[in-house]
Amino acid sequence: MEASVILPILKKKLAFLSGGKDRRSGLILTIPLCLEQTNMDELSVTLDYLLSIPSEKCKARGFTVIVDGRKSQWNVVKTVVVMLQNVVPAEVSLVCVVKPDEFWDKKVTHFCFWKEKDRLGFEVILVSANKLTRYIEPCQLTEDFGGSLTYDHMDWLNKRLVFEKFTKESTSLLDELALINNGSDKGNQQEKERSVDLNFLPSVDPETVLQTGHELLSELQQRRFNGSDGGVSWSPMDDELLAQPQVMKLLDSLREQYTRYQEVCRQRSKRTQLEEIQQKVMQVVNWLEGPGSEQLRAQWGIGDSIRASQALQQKHEEIESQHSEWFAVYVELNQQIAALLNAGDEEDLVELKSLQQQLSDVCYRQASQLEFRQNLLQAALEFHGVAQDLSQQLDGLLGMLCVDVAPADGASIQQTLKLLEEKLKSVDVGLQGLREKGQGLLDQISNQASWAYGKDVTIENKENVDHIQGVMEDMQLRKQRCEDMVDVRRLKMLQMVQLFKCEEDAAQAVEWLSELLDALLKTHIRLGDDAQETKVLLEKHRKFVDVAQSTYDYGRQLLQATVVLCQSLRCTSRSSGDTLPRLNRVWKQFTIASEERVHRLEMAIAFHSNAEKILQDCPEEPEAINDEEQFDEIEAVGKSLLDRLTVPVVYPDGTEQYFGSPSDMASTAEHIRDRMKLVNLKRQQLRHPEMVTTES
């Protein structure tokens, strides 16, 4: 029985196999009764169809039947239960009647089931939907009974239709292919050589049937995998329902017969292909050995310029374009021959290999000649291109050498010198490249005779060789003349570079000396907190002055060198005229500021030294401390130092400059005043010792 025959009945979902199993691994058969009167004949047909699906092994484990009577009457339920005895008496092990919320008459129902129990041959229980899980796991129940198993009846029905259609089509196709293949095996040689007619084709497309089978198998496997994880997919057609094994077996058989069928088709079409290939091979060979070879015999020159070489190359491309059409035919023929060699019989191998060898020899020989000619023209074009570039480079270099060098600055001179060296180096590289291209072209020309088809090309080759050698010799002479001029120009430019370098370094020395002067005035302002620190500052200052002296001497030496270089180049230095006065002026300002710094540090040393002697707790010469003159001297030195801090440094041009900022000077002065206050306090203590005793 096929599902397509009873499709309207199956769509009513009078009963279904959800794929769920009871605790004994038996399948669950669900009969959902509705409010309308159930057609028992249609239900019987549905049950017969459903029970034909599982295997005998699966049937042996028994069925658990769920009769959903929540929307039906007790009489209908009883009729269905009794009908199960006639339809599936041996397979039913348990019938679960799901009772409605408003239960039937308990006495009637209990009495009826108890009365019929032995006669029915299976156990019938009444249970509410929420207690059905006592007998069946929730994961094996559909959502109608509070379970988690998803079941889509129309999806199952559609897949069942596809399965049965595939089974029917594949079985029919297998019979047809077997008949065709067996008939081909028994046929004689003349029948094998005939082309395939319409009667030879199967009634359905094997590829379509195979694709349908693969899609069906993939769907079954995927649904089974998803169902095994407890997901939303349902798997009624697993191995136990014989779906996958049947599909796989049919696919294997179908692939085997279809492969044999394809082989038969290939064998019958091979002879026709062989005859067509023979005809096309002779067409290709005749053209390449005739008109194609004549075209190449007429082209041997290489040209004497870029334009001439390009014209010859364009002509050769036209010849190649004509050959390409025949080479495309060769490639196609070669592929066809290779396919026949791989699939052909031994009787055809010799003929096919002979055709392939003949075609390959002619095509490869002609392609080699075309490639040789193309390489020769390309080498000639590159040689003329390099010669033209080198000539332009030599013209540019000569133009630079003919222009006199006007001194601007060291950077521009260095840039010009660098550009000159780069151009000369580029000329060297270009000449070397020209020699390599020329030698390569000469080597190719010397091998040209082997491709001449017996034609004497000695005269043409001699003209080409003389032209190539003449171009290389001319470029060598022009390059040598430019090198001699570059040597003279290089010496002069190096002297200019040295001159501007000296001027720049001298200006840099002035900048350094100015920075040292600025650092002296802005950062060398501290006078120290005691005599020892002030002595350290004085020593550092002297080293600082030594650095400035070295910078000044360096600048003087550089300016003397610029004078010598200007005399050698017979030019005047633009920067040395004002650099020397600037250097002397900055040095004079630095000297004045440095001397002022020394005087202040020396006064600070004297002040701190005398103050520290008086402020000692246990002086060695108390009578000296009592001398008023010492206190007066300290006070005088301190006041002089304070006054000097307020006096600016005056330069010879009348400009003034202070050491540090006013806040820096105020901080230094405040420290000196604090020290003077301590000395005065010490002085008062020595004058009036009784004041110290009273205070203590």
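In this predicted model, 24 salt bridges are found. One of the residues that form such a pair is K12, whose partner is E42, with 2.9 Å between the closest N and O atoms. K12 belongs to the loop between α1 (7-11) and β1, whereas E42 sits in helix α2, so the pair ties together parts that are 30 residues apart in sequence.

**The sheet**

An open sheet is built from five strands, arranged in the order β1-β2-β3-β4-β5, and its pairing is mixed. The edge positions are taken by β1 (16-21) and β5 (123-127); each has a single partner strand, so one side of each is left without a neighbour in the sheet. From one strand to the next, the twist averages 25°.

Strands β1 and β2 run antiparallel and are joined by three bridges. Within this pairing, L17 has L29 of β2 as its bridge partner. The hairpin of β1 and β2 has five residues between the strands, and S25 takes a positive phi there, near 70°. Strand β3 (residues 63-68) pairs with strand β4 (residues 92-98) in the parallel sense, over six bridges.

Helix α4, in turn, lies across β2, β3, β4 and β5 and runs at about 170° to β4.

**Helix pairs**

| Helix pair | Axes come within | Crossing angle, roughly |
|---|---|---|
| α2 (residues 40-51) and α4 (residues 74-87) | 11 Å | 40° |
| α17 (residues 628-645) and α18 (residues 662-687) | 10 Å | 165° |

On the α2 side the contact is made by M40, L43, S44, L47, D48 and L51, and on the α4 side by V76, T79, V80, M83, L84 and V87. Sorted by class, the residues in the contact of α2 with α4 are nine nonpolar, two polar and one charged.

For the other pair, the axes cross at roughly 165°, which means that α17 is roughly antiparallel to α18. The crossing of α17 and α18 is left-handed. From α17, the residues E628, F631, D632, I634, E635, G638, K639, L641, L642 and L645 take part in the contact. They meet M665, T668, A669, I672, R673, M676, V679, K682, R683, L686 and R687 of α18. By class, the contact of α17 with α18 comprises 11 nonpolar, two polar and eight charged residues.

Definitions and conventions: Residues are numbered from 1 along each chain as its sequence is written. This is a predicted model: local features need pLDDT of at least 70, side-chain atom pairs count only at pLDDT 80 or more; totals for chains, interfaces and linings use all residues. Side-chain values use heavy atoms; hydrogens and water are left out. Axes are lines fitted to C-alpha atoms, for helices over the stretch in contact, and angles run from 0 to 180 degrees between N-to-C directions. Helices (H or I, at least four residues) and strands (E, at least two) are DSSP runs, numbered from the N terminus. Contact means heavy atoms within 4.5 Å. Ala, Val, Leu, Ile, Met, Phe, Trp, Tyr, Cys and Pro count as nonpolar, Asp, Glu, Lys and Arg as charged, and the others, Gly among them, as polar. Two strands pair if DSSP finds at least two bridges between them. A salt bridge is a side-chain nitrogen of Lys or Arg within 4 Å of a carboxyl oxygen of Asp or Glu. Angles under 35 degrees count as roughly parallel, over 145 as roughly antiparallel, 65 to 115 as roughly perpendicular and the rest as oblique. A crossing is left-handed if the near helix is turned anticlockwise from the far one by less than a right angle, and right-handed if clockwise.
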